[in-house]
Amino acid sequence: MTTPTDAAPIRVALVDDQQLVRAGFAMVINSQPDMAVVLEAGDGAQAVRLLGDHRADVVLMDVRMPNMDGLAATAAIAGDGAGNGPAEADGSPRVIILTTFDVDEYVLRAIKAGASGFLLKDAPPEEMLGAIRTVHAGDAVIAPSSTRRLLGHLAQILPEAEKAPPAVLDGLTEREREVLVLMARGRSNTEIGGDLFVAEATVKTHVGRILAKLGVRDRVQAVVLAYETGLVTPGA
C-alpha cells in the first residue's frame, strides 16, 4: 500500500539509542515513496528538543534509553506535555512505541501517556511500514496478532489499583460495546462492518462515539480500557 507520489511524504522521526537500529529503520523507511525520515535522536531528551524545531507526523520511539526514556518522551511529545488531542488536531506527532516482550509494563504506561500504538522491534519491515501509514491516517496500531497477545498480557500484569472500573463503560450502547469488543480483537472498520452487517461509515460513527464517551485519544487507548474493565479478557 502506498500513497500517490505527488502527495506530501509522511515525516518520520526515529528515536533509539542504537545507531545501527536507526540506520536500518531509516533505510527501509526512506525506500518508500510516501515516507521520509526527517530526524533521528539517540534518547528521549534529544527527541523532545529536536521535535520542538522540526515537524514530524509519526515518531518511532524506543522504550529504554539514557537521559530520558521513551515513556517520559512520549508524555512530553504526544501526551499532556504537547496537547491532549489527536495529532491532526493539536499538531503533535503520533508516537509508535518500539518494544520487546520484556518491557510490557512500560508499553502500557506509554500508551496511557499518549502513544498511538506499539510495534515489536523484530516485526517484519512491511509491518513497520504498515504501522506508520495506519497511525498517520488517524488509526492506531493494534491489528497484528503478536500485538493483540501483548495487549492481553499487559492486561494481566496491570496492578489492580490501576485497572479501570467497569462503570466507565456505562455510557456505551449495546452496539457500541459490540464494536469495542471487535476493536479489541484487532478487527478493522471494514471487518467490523462485515461482522455486524453494517456499512463501514456506520462503524466509523460508532468508533468516534466510543472514543468521545470514553474520553480517550484513539483506538488503542479504547482497547486498553476494554481489557482493564474486563469487557475483553486475554485470549477471548
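User: What makes strand 4 (residues 94-99) count as largely enclosed by the rest of the structure?

Analyst: Buried means under 20% relative accessible area, while exposed is over 50% and partly exposed is in between (1.4 Å probe, protein chains only). Six of the six residues of strand 4 are buried, so the rest of the structure largely encloses this strand. By the way, strands (E, at least two residues) and helices (H or I, at least four) are DSSP runs, numbered from the N terminus.

A word on the source: this is a predicted model, where local features need pLDDT of at least 70 and side-chain atom pairs count only at pLDDT 80 or more, though totals for chains, interfaces and linings use all residues. Residues are numbered from 1 along each chain as its sequence is written, and side-chain values use heavy atoms, with hydrogens and water left out.

User: How do you know which faces of strand 4 are covered?

Analyst: In a regular strand, side chains alternate between the two faces of the sheet. Here R94, I96 and L98 sit on one side, V95, I97 and T99 on the other, and all are buried, which leaves both faces covered.

User: What makes strand 3 and strand 4 a pair?

Analyst: Two strands pair if DSSP finds at least two bridges between them. Strand 3 and strand 4 have five, in the parallel sense; one of the links is V59 with its partner V95 in strand 4. On to strand 5: four bridges join it to strand 4, again parallel, and I96 has G117 of strand 5 as its bridge partner.

User: Why is G117 called buried?

Analyst: G117 is at 0% relative accessibility, so it counts as buried. You'll find G117 in strand 5 (residues 117-120).

User: And why is D62 called buried?

Analyst: D62 comes in at 6% relative accessibility, so it counts as buried too. D62 lies in strand 3 (residues 58-62), and it touches V15, D16, D17, G70, L98 and K121, leaving out residues up to four places away in sequence. Contact here means heavy atoms within 4.5 Å. An unreviewed UniProt entry lists D62 as "modified residue: 4-aspartylphosphate"; such annotations may be inferred rather than shown by experiment.

User: How do you know that the buried residues of helix 2 line one face?

Analyst: The buried residues of helix 2 (residues 44-51) are G44, A47 and L51. Seen down the helix axis, they fall within an arc of 55 degrees, so they line one face of helix 2. That arc is taken from the directions from the helix axis to the C-beta atoms.

User: Why is N67 called exposed?

Analyst: N67 has a relative accessible area of 72%, so it is exposed. N67 sits in the loop between strand 3 and helix 3.

User: What makes the phi of N67 worth a look?

Analyst: Most residues other than glycine have a negative phi. For N67, phi is near 70 degrees, a positive value in a residue other than glycine.
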